[in-house]
Each structure stands twice: as structure tokens, then as C-alpha cells.
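Work through the exercises below with the model open in your viewer. Try each task before reading its solution.

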Amino acid sequence: MVRRLSLFGATGSVGRSTLDLVRCDGEAWRVTVLTANSDVAELAKLAREFRPGIAVIADPARYGALRDALAGTGIEAAAGAEALVEAAQRPTDLVMAAIVGTAGLAPTMAALAAGHDVALANKEALVSAGELMTAAARASGATILPVDSEHNAIFQCLAGGRIDEVRRIVLTASGGPFRTMAAEAMAAVTPAQAVAHPNWSMGAKISVDSATMMNKGLELIEAHHLFPVGLDRIEILVHPQSVIHSMVEFVDCSTLAQLGSPDMRIPIASALAWPQRMATPCAPLDLASIGRLDFEAPDEARFPATALCRAAIAEGGARPAQLNAANEVAVAAFLSGRIAFPAIVDTVRRVIDAEAPAVPASLQDIFSVDAASRAAAQIFVDQLVHA
Ligand SMILES: NC(=O)c1ccc[n+]([C@@H]2O[C@H](COP(=O)([O-])OP(=O)(O)OC[C@H]3O[C@@H](n4cnc5c(N)ncnc54)[C@H](OP(=O)(O)O)[C@@H]3O)[C@@H](O)[C@H]2O)c1
């Protein structure tokens, strides 16, 4: 049976990996929506290949370029935030949420509210609005299928027992490119070094998050929303080889783990094919040549981001949204060379310390906290730049 796929963030790392899998079994899929932020040329190229009903560019200033690039194809061109939301509501069998940052929140919420199953890569949306998103899914009957490799691993392990039989969830972390670096040396690291992840090939923002370990903190919040076992039952374990993608220990002390090569197409395929499996072109795991698997406790003195995230989700309300927005601003400032690497987490901490946001009652409240946090983070970044 042909399944319809709406792909948000088609031009990114997860988006391209998703389309690689669709190419492997073109007969099985009909792509209905493709979106990007600013990369009109790539979006138009993908649209010409996959023939969706609509292609949406988030940046409204690029509408004319997209319309011209798709002239004569019969593919509808649209632009802007409202067009993304409208596209997310269109009939489909699966929405792949692969936009980076809270920019993906509104379309993902729209898809869930419309009752569409969502393969969720866009962790920032869940971090910022976890309660609202899971409530929207419950209300409409939509399923959230985790794409993040760790959460996808946990999701797969949970097929081996009930959630109330879980004793502990172990989120594994590679430790990033600076795992063994002294804290003092981190002041001098460059964006190029930070995005050079030892195991995974990913977009720039998540690569920097992996280097600060903020990614693992965001994943802790993500896991808390997806797998409600209690925050104190979710642990982080550094595992430099990224072969075990996470583990679930049950009450009988049996631990189930999901293993695989560090290739995002594996968890993406799991989400695309769920509840079945699909063949992939990925390299099978060769444990004999890997030889050994190592584990370490996380070092929260050198990488304080995970503790910040744990405190934010323990406090709840809009704290995680505030933290996430400040982090997005700080990461962008680091990537553009405006602030040093340690200033990313410092900026997030300063924003958190400066103001306690009110408990959000709606998506609009989350957007307000997000905007206020971005403004505050920008002020701290500017102060650092001009210091
Ligand atoms: N990459 C991975 O291996 C991986 C693994 C686990 C989870 N994730 C999560 O998956 C999400 C995507 O990550 P990625 O690495 O694929 O990111 P990426 O390579 O930077 O791609 C981001 C995608 O989102 C689009 N986009 C960016 N800003 C946008 C905006 N303001 N409005 C609408 N669309 C926007 C981009 O379009 P343009 O190309 O036009 O800029 C692109 O299609 C993130 O939340 C990340 O944490 C990624």
C-alpha cells in the first residue's frame, strides 16, 4: 500500500536521510509536502524529483524564487509560517518533523491536532511544549514516533515490557568532540571543531549541542515527555562509540538495549516503517571489528548543560522553553563567531537566572516565553561581544 509522507525540513540532514530511504522504495511512498527555510534551489530540485502536491519555503521573501523554480511543474508553491501550518494539516499518513529549532513547533502541533502520526526529529519543539504536544496527540489519537536515535532506541526497547515495569532508562551520549578536553582549553575551540562530531554527521546546531552536551540535556527533557517513568529514573551514560543508542532496564533487572551503526537512516527507517520494519542500505553492525564498547559517567563539571536541563524540567512550566530558546540564540552566536564556546551554556544560565517565566497555558504563552528568552539571550550575547 502506498503511504503518503509530509516532510518538514526536507533540505536538512534528517530530511535528506529520509528522502534517501524513500528513494530505496519509491513505490511504497508518495511525498505530499516538502518544506525548507531558505534553500530554494535544493527545495525545488527535490520537489521536481518527488513531485509533492505542495512545496513550502518558510522565508516569505523567497516565495517568488520558489514559484519561478517550480513553474510548469504543477506543484503548488507557498511561503511563510502560516503556509507551513496549513501544509501540516493536509491529508497524509505520516509527518516527518525535521525542522531545526522551535520554528518547527507550530507545524508539528498542527499535524498532531489534525490527528496525523508524527515522526519527530525536531526535539526543540518537544522540549519547549512537551505537555501541549503530548496532550494534542492524546486528544487526536495521533502517535509520536521518536526519530532521535536515543528515543527511537528506547521506543524499540519498550516493546519488551510495559512502561510501569521500567526501573531505569539509560540515555547514552557520545560525549561529543570535546569529551576528553580540559575545561580551560574549551575557550579556544572553533565552530569548525565543534561541528566535527566524532561519530555522527548532523546539522550544525545539533552538532554544537552535542559538543556542549546540551543535546543530551534536551534529550533528557524529550525522554521525560515521551516516556513518563519519572525524571529520577532517566540517567545519562557516556558511551563514546555510539553503538548502543540507549537502554531500558526493567524491574526484574533485565536490560534491553538497541544497537546499530551510527547512521540516522536506521532510526528514521524504524519510524517510517513502524509498526513494521523496512530494509535499509545502512552498514550492518560489525561488533568484531569494533572490538570494544566503553562507558563513562558524565562529567557535569566540564559539561554543566545536562544539569541545567535536569533542573529546568524538574521545575517544569516554561523553564524548558526558556532554556531552549536561549540556547538557540547562543549556538547561533557561537556559530557566527560572536561568542566563545563556554559562553553558550553561560548565556543560557544567565537567561534562566534573570527571570522565572510564568507557567504557560497555551502555545501562545510558549511563543511569548520563547521570544522573551531570545531577546534576553541576545542582550547577554551583545554584552559579551562588546566587553
Ligand atoms: N541531524 C541529525 O542527525 C539529527 C539527529 C537527531 C535529531 N535531530 C534533530 O532533527 C532536527 C533537524 O536537524 P538537522 O540536523 O537535520 O538540521 P539541519 O541539517 O540544520 O536542517 C534543518 C532543516 O530545517 C529547515 N529550517 C531551518 N530553520 C527553519 C525555519 N526557521 N523555519 C522552517 N524551516 C527551517 C532547514 O531549511 P534550509 O535548508 O532551507 O535552511 C532544513 O530543511 C533538529 O531538531 C535536530 O535536533 C537531528
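The model is predicted: local features need pLDDT of at least 70, side-chain atom pairs count only at pLDDT 80 or more, and totals for chains, interfaces and linings use all residues. Residues are numbered from 1 along each chain as its sequence is written, and side-chain values use heavy atoms, with hydrogens and water left out.

**Exercise 1. The ligand site**

Task: Describe the residues that surround the ligand, then find backbone atoms that lie close to its oxygen atoms.

Solution. 
- Step 1. The shell holds 24 residues, and T11, S38, D39, E124 and D148 are the closest.
- Step 2. Sort the shell by type. It splits into 12 nonpolar, eight polar and four charged residues. Here Ala, Val, Leu, Ile, Met, Phe, Trp, Tyr, Cys and Pro are nonpolar, Asp, Glu, Lys and Arg are charged, and the others, Gly among them, are polar.
- Step 3. Assign helices, which are DSSP runs (H or I, at least four residues) numbered from the N terminus. Both α1 (13–24) and α6 (123–140) give at least two residues to the shell.
- Step 4. Check the backbone N or O atoms against the ligand oxygens. G12 has one at 3.2 Å. V100 has one at 3.5 Å. For A121, the distance from a polar backbone atom is 3.3 Å.
- Step 5. Compute the cover. On its own the ligand has 890 Å² of accessible area (Shrake-Rupley, 1.4 Å probe). The protein covers 85% of that.

**Exercise 2. The nonpolar cores**

Task: Which residues have the most contacts inside the largest nonpolar core?

Solution. 
- Step 1. Link buried Ala, Val, Leu, Ile, Met, Phe, Trp, Tyr and Cys residues through side-chain atoms within 4.5 Å. Buried means under 20% relative accessible area (1.4 Å probe, protein chains only).
- Step 2. The largest core has 85 residues, and L323 and F341 have the most contacts inside it. Helix α14 (residues 319–335) gives the largest share, eight residues.
- Step 3. List partners of L323 beyond four places in sequence, with contact meaning heavy atoms within 4.5 Å. They are M214, L218, L308, C309, A312, V348 and I352.
- Step 4. Look for another core. A separate one of 36 residues includes L7, L21, I57 and A77.

**Exercise 3. One aspartate**

Task: Is D370 buried or exposed, and what does D370 touch?

Solution. 
- Step 1. Take its relative accessible area. The value is 10%, so D370 is buried.
- Step 2. Skip residues up to four places away in sequence. D370 then touches T102 and A325.
- Step 3. The side chains of D370 and T102 make one at 3.1 Å. The rule is a pair of N or O atoms within 3.5 Å; within protein, one must be able to donate a hydrogen and the other to accept it, and residues adjacent in sequence count only if both atoms are side-chain atoms.

Conventions
Near = heavy atom within 4 Å. Buried < 20%, exposed > 50% of the residue type's maximum accessible area, 1.4 Å probe, protein only.
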